[in-house]
Amino acid sequence: MRNILSFLLLCLLATGAQAQLKPRVVILTDIGQPDLEPDDTESLVHLLCYADLLEIEGIITSTGWNCDPYPAQSAAYRDSVVEAYRADVHNLMKRSGQKAFVSKDKENGRQKTGYWPSAEYLRSRCVMGSQRAGIKVIGKDNDSEGSELIIRLADEKDERPIWVCAWGGANTLAQAIWKVKRTRTPEQLKAFVHKLRLYTITDQDMVYAKRMDLAYSSHQWMRREFAHDLLFVWDEGTWQLQCSLGQEYWQQIKEHIQGHAAMGKQYPDYKYGVEGDTPSFLNVIPNGLHNPEEPMQVGWGGYHTWALTKDSTTYAWTSWQEPAKSISETYYSQFYPTQLNDFIARIEWAETGRGNHNPVAIVNGRKGTDAVVIKAKAGQTITLDASASFDPDGDALTFKWWQQNGIGQTFNVEVDVNVNPAVKVQLPVTVASGELHIVCEVHDNSRYALTSYRRIIIKT
């Protein structure tokens, strides 16, 4: 039975609803010496364990709080993790039944969910970005391989947005936008910026001593000049919680991640906090929990609302003030054990070529990870049924249903935590137009209790 279900999963990955294209991501990292600045190395190991779910189109070294200028030799620490991926990828490929890599042209094209890229592909996407920080260096002398790569990616005939995940400063992205603004028409500039999304871990386009001078940073320029064109997520809160939760769960990380597989051997001890940059790409992983284009939909990368930022001048999607801060932190604490188990399970695949798959969540007969959208009328009773969900490894399943409040709707319906595979939602007899967001969690009873999600949006 286990083998049959595993075969069904591979068929779904190859031809079914889950064979969608991966989200596109570009990483801007100030990775450095692991015994001095370990968190970027930790996050990079974590990221590459999800290379089957994310199309990693750039890993660009650049400035951050602790390095202005960025020392070119520090890029070697990034390359060491990619080489560890080279040693592990053939075991990871077994997770989705992948036998070989596609041609170089296809790897550089559009990658589908479940495909593990070659180490050669990843190495070809490792380049240097801006080596100096701040808005003052943006200009004709600041072009880099990284900024040119971002321009080429956005120019590709590909409808998918590009999520830039800034683990250091986003100066390289700002330089790309500056060049396009200088060399193209206003309409072309708008089209270019519309392709981009930025999730930045605090504002690191400066040395740490200048961190209170937010006008120093190119980030403020991007928020001010492109407020309605660039989706800008400024994380202030989730990354600190990620650091502290990693310390709280450090024994589990040390036991199950460090030293396991080649990548786990690259995973250093923490110094200030654990994987502070990880929320940026967790936000984009397509696990059914949320749509990253809608930052108020809570996900593994937190919860963000459109608000005045810490510079008291510009607006962005952020959660630095209450009540958004507490909402984001509450959900992130809730999800952390689940996402850590998911990471551990993938390290096990990297080490042994065997392990556990996530369950497949199916709600009202709909496969995939996109939200299930239901149009309803006042007074209507909606049945949500996840009983068709299954586990590829034959593990038993448990279910949990809950409502995300405070998002979109002009009405509330109490949905108590429910552990049945199906629930009924009774809408009020009198209700204004709005949305009701309900999440179904599907858990298996495996060693690591892996989870899949589906978001249901009921519209009236």
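Are Arg24 and Glu57 buried or exposed? Let's begin there, keeping in mind that this is a predicted model. Arg24 is buried, and Glu57 is buried as well. Their side chains meet in a salt bridge, with N and O 2.3 Å apart. Arg24 belongs to strand S1 (residues 24-29) and Glu57 to strand S2 (residues 55-61), so this pair ties together parts that are 33 residues apart in sequence.

Arg24 and Glu57 are linked by salt bridges with Glu55, Arg110, Arg125, Glu156, Asp158, Glu159 and Arg160. As a reminder of the general idea, side chains of opposite charge can pair when their charged atoms come close. Across the model, the count comes to 29 salt bridges.

Two further pairs are worth a visit. In one of them, the side chains of Lys179 and Asp143 form a salt bridge at 3.9 Å, N to O. This pair links distant parts of the chain, 36 residues apart: Lys179 sits in helix H7 (residues 171-183), while Asp143 sits in the loop between strand S3 (126-128) and helix H6 (145-155). Lys179 has a relative accessible area of 25%, so it is partly exposed. Asp143 is partly exposed too, because its relative accessible area is 35%.

In the other pair, Asp229 and Lys190 form a salt bridge whose closest N and O atoms are 3.0 Å apart. How do the two partners stand in terms of burial? Asp229 is buried, because its relative accessible area is 17%, under the 20% cut-off. Lys190, at 40%, is partly exposed.

Our last stop is a histidine. His357 lies in the loop between helix H14 (324-352) and strand S9 (372-375). Why does His357 count as buried? The reason is its relative accessibility of 7%, which falls under the 20% limit. A polar atom of the His357 side chain lies 2.8 Å from the backbone oxygen of Arg95. For another landmark, look at Ala345: it is 12 residues from His357 in sequence, and the two C-alpha atoms are 8.3 Å apart in space.

Conventions. Residues are numbered from 1 along each chain as its sequence is written. This is a predicted model: local features need pLDDT of at least 70, side-chain atom pairs count only at pLDDT 80 or more; totals for chains, interfaces and linings use all residues. Side-chain values use heavy atoms; hydrogens and water are left out. Helices (H or I, at least four residues) and strands (E, at least two) are DSSP runs, numbered from the N terminus. Buried means under 20% relative accessible area, exposed over 50%, partly exposed in between (1.4 Å probe, protein chains only). A polar contact is a pair of N or O atoms within 3.5 Å; within protein, one must be able to donate a hydrogen and the other to accept it, and residues adjacent in sequence count only if both atoms are side-chain atoms. A salt bridge is a side-chain nitrogen of Lys or Arg within 4 Å of a carboxyl oxygen of Asp or Glu.
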